[in-house]
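We will walk through a few stops together.

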Amino acid sequence: MTLGEKIKIARSGAGLSQEQLAEKMGISRSAVAKWEVNNGMPDIDNLKMLSNLLGVTVDHLINDSENFEKATIKEEIDLSIYEGSKRDKKDAVVREKYPSAMIHALIAKRKLQKGEKATGELLGMHTDAPFGTAEFYRDLQNADNQYYLVVQQGKQFLVCVTSEFIISSELAINQYGKKFEIGNIKFTKCTYKVRERHKKGGNSMRKINSVMWGTALIAVGVIFALNALNITDVTLFFDGWWTLFIIVPCVIGLFTEREKIGNIVGILIGVFLLLCCQDILSFSFAWKLLVPAIIVIIGLKMIFAGLFGNKANEIFAKIKANGGETKTGCAIFSGQDINYDGQVFEGAEFSAIFGGIECNLKKSIIEKDCAIKIEAIFGGIDIFVPDNINVKVTSNCIFGGISNKTPVRKDVPTLYITGTCVFGGVDIK
């Protein structure tokens with residue numbers, strides 16, 4: 001284990017953020033961040049201060065052979081109370097233990113035996129349960145077991161589920177690649193992740209969407225049947241019937257989608273067109289009213305976004321007040337790849353105008369709420385975020401949109417993304 005990794009683990013164990021540790025030491029937070037990613041090394045005076053503040057010896061920090069003494073968590077389970085296949089049952093066990101975490105299923109393969117020392121150095125445990133590394137290592141070698149990499153609040157756990165137990169161990173070194181090794185076991189992340197059973201709003205919104213579309217289709221089918229039996233004489237193909245293909249999806253979208261402004265604009269357009277087809281309004285008059293109405297709605301949204309709950313602006317103001325600088329990226333008729341591996345991230349501003357930006361935050365250092373301002377005009381922005389943050393989006397979209405594919409997570413830093421999309425898109429993964 002490197003010096004930087006030991007400092008990071010000890011700091012987390014002491015309950016200190018990088019900013020708090022830096023303040024106690026009278027140094028900058030960036031200095032602490034560099035130590036933890038091995039881009040710099042503290043001098044002897046700082047090593048002594050780290051020892052006192054973090055409750056570890058200087059020998060521990062600089063001696064490769066010394067490690068933290070922790071233990072494995074091993075709990076009994078009963079697979080019979082779960083439904084589905086054996087794999088589904090084990091997935092359910094892990095999800096129940098870690099309800100808000102990101103969980104990757106793993107494929108495990110043996111490699112040539114190289115001893116158990118690597119396992120003892122890599123694994124770190126949290127409780128005083130009487131199960132040591134050697135027993136956990138032996139459990140890994142059972143081919144009937146299922147393995148998972150659990151990511152929760154910036155920590156990673158290697159979890160083994162047997163027919164009788166769930167065995168969990170925190171990794172002292174986080175694993176970000178698709179493949180990694182522990183002892184003589186090679187692990188590969190599966191292409192699927194164990195699904196969140198309680199993802200906020202996700203399942204209920206999908207159910208509402210299905211129910212509303214199902215109800216609409218049933219109603220149309222019933223009317224056709226009653227007309228065919230000469231029970232009713234309902235005319236479905238009235239003047240302007242095609243506007244329903246604009247109105248109905250937008251009405252459903254108001255209840256099932258995060259972004260409302262586009263659906264409101266769609267409803268307005270559909271209703272105006274329907275009224276024109278019914279000769280209630282003339283097309284020229286409707287067009288004169290429609291454009292101002294859309295502009296007013298977008299303006300009102302921008303005003304309310306600016307006055308209420310625009311956390312991103314608050315974060316940027318705080319960064320400026322503290323003398324910090326936000327990162328920037330701009331792509332005009334071009335493409336740009338931005339990587340923040342090992343860097344402290346607080347905020348950034350990205351503009352893609354007839355161009356594209358790819359921002360990778362997977363291995364960046366995020367310890368508190370941060371923000372990104374985006375502007376996508378006939379362009380696209382892809383943002384890859386780490387598993388230990390929550391993402392909240394507020395946007396003004398005109399014939400464009402923001403897709404947030406990340407799950408809702410609690411008790412973790414939040415990344416606030418705000419901005420404007422005009423014939424452009426932003427994808428958050």
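This is a predicted model: local features need pLDDT of at least 70, side-chain atom pairs count only at pLDDT 80 or more; totals for chains, interfaces and linings use all residues.

Residues are numbered from 1 along each chain as its sequence is written, and side-chain values use heavy atoms, with hydrogens and water left out.

Start by selecting F345, F350, I372, I374, I381, I383 and L415: these have the most contacts inside the largest nonpolar core, a set of 26 residues. (Such a core joins buried Ala, Val, Leu, Ile, Met, Phe, Trp, Tyr and Cys residues through side-chain atoms within 4.5 Å; buried means under 20% relative accessible area, exposed over 50%, partly exposed in between, with a 1.4 Å probe and protein chains only.) Strand 13 gives the most to this core, with four residues.

Next, pick K368. Its salt bridge (a side-chain nitrogen of Lys or Arg within 4 Å of a carboxyl oxygen of Asp or Glu) with E19 has its closest N and O atoms 3.4 Å apart. K368 sits in the loop between strand 12 and strand 13 and E19 in helix 2, so the pair ties together parts 349 residues apart in sequence. K368 also bridges to E346, at 3.8 Å.

Finally, select W242, in the loop between helix 9 and helix 10. W242 is partly exposed, at 39% relative accessibility.

Technical notes: Helices (H or I, at least four residues) and strands (E, at least two) are DSSP runs, numbered from the N terminus.
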